[in-house]
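Colleague: I am new to this one and would like to go through it step by step. Could you show me the sequence and the model before I ask anything?

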Amino acid sequence: SHGRPNYVHSLDSSHMMMTAARCFDEEVLFASVHDSFWTHACDVPTLNWALREAFIELHQQPLLSHLHAQFQRRYPQIDWSKLPPPVQGDLDVRCVRDATYFFS
């Protein structure tokens, strides 16, 4: 990617900021570098909760449909009927609440 940000990285950073905001609301210290998140050992359960809830909030949105609509506005000269957004699958993202290895 030659050092340029991409869409997936933007979702990762959105998840990080949403997690940090939840930790702030819970008065839990949050620190991060890239995709490594930290807190005090006694606050790991709260960070665990914040990570999962932020992920669910972010990924319950129709992100690829929104991206597709943004491209349509930005590039009106393209025939977008030939490039539809991917079909949404049926994964219930809320399952991360119970996933043993969601984030480490």
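Colleague: Is the crossing of H1 and H2 left-handed or right-handed?

Modeller: This is a predicted model, in which local features need pLDDT of at least 70 and side-chain atom pairs count only at pLDDT 80 or more, while totals for chains, interfaces and linings use all residues. Residues are numbered from 1 along each chain as its sequence is written, and side-chain values use heavy atoms, with hydrogens and water left out. A crossing is left-handed if the near helix is turned anticlockwise from the far one by less than a right angle, and right-handed if clockwise. The crossing of H1 and H2 is right-handed.

Colleague: At what angle do H1 and H2 pack, and are they parallel or oblique to each other?

Modeller: Axes are lines fitted to C-alpha atoms, for helices over the stretch in contact, and angles run from 0 to 180 degrees between N-to-C directions. The axes of H1 and H2 are 8 Å apart, and the packing angle is about 130°. Angles under 35 degrees count as roughly parallel, over 145 as roughly antiparallel, 65 to 115 as roughly perpendicular and the rest as oblique. H1 and H2 are therefore oblique.

Colleague: Which residues of H2 does H1 meet?

Modeller: Contact means heavy atoms within 4.5 Å. From H1, the residues taking part are Leu 11, Ser 14, His 15, Met 18, Thr 19, Arg 22 and Cys 23. On the H2 side they meet Leu 47, Trp 49, Ala 50, Leu 51, Glu 53, Ala 54, Phe 55, Glu 57, Leu 58 and His 59.

Colleague: How far apart are the end C-alpha atoms of H1?

Modeller: Helices (H or I, at least four residues) and strands (E, at least two) are DSSP runs, numbered from the N terminus. The expected span of a helix is 1.5 Å times one less than its number of residues. H1 has 19 residues and should span 27 Å, which agrees with its end C-alpha atoms, 27 Å apart.

Colleague: What covers the buried residues of H1?

Modeller: Buried means under 20% relative accessible area, exposed over 50%, partly exposed in between (1.4 Å probe, protein chains only). In H1 the buried residues are Leu 11, His 15, Met 16, Met 18, Thr 19, Ala 20, Arg 22 and Cys 23. Their cover includes S1, S2, H2 and H3.

Colleague: What do the buried residues of H2 pack against?

Modeller: Those residues are Leu 47, Ala 50, Leu 51, Arg 52, Glu 53, Ala 54, Ile 56 and Leu 58. They pack against H1, strand S2 (36-38) and H3.

Colleague: Within what arc do the buried residues of H3 fall?

Modeller: H3 covers residues 63-74, and its buried residues are Leu 63, Leu 67 and His 68. Seen down the helix axis they line one face, so they fall within a limited arc, which is that of the directions from the axis to the C-beta atoms. The arc is 135°.

Colleague: Which helices do the buried residues of H3 pack against?

Modeller: One of these buried residues is His 68, at 13% relative accessibility. Leaving aside residues up to four places away in sequence, His 68 touches Trp 80, Leu 83, Pro 84 and Pro 85. The helices that the buried residues of H3 pack against are H1 (7-25) and H2 (44-59).

Colleague: Which residues does Thr 19 touch?

Modeller: Thr 19 lies in helix H1 and counts as buried at 0% relative accessibility. Not counting residues up to four places away in sequence, it touches Phe 30, Leu 47, Ala 50, Leu 51 and Ala 54.

Colleague: What is the phi of Glu 27?

Modeller: Glu 27 is found in the loop between H1 and strand S1 (31-33), and it is exposed, with a relative accessible area of 74%. Most residues other than glycine have a negative phi. Glu 27 is not a glycine, yet its phi is positive, at about 60°.
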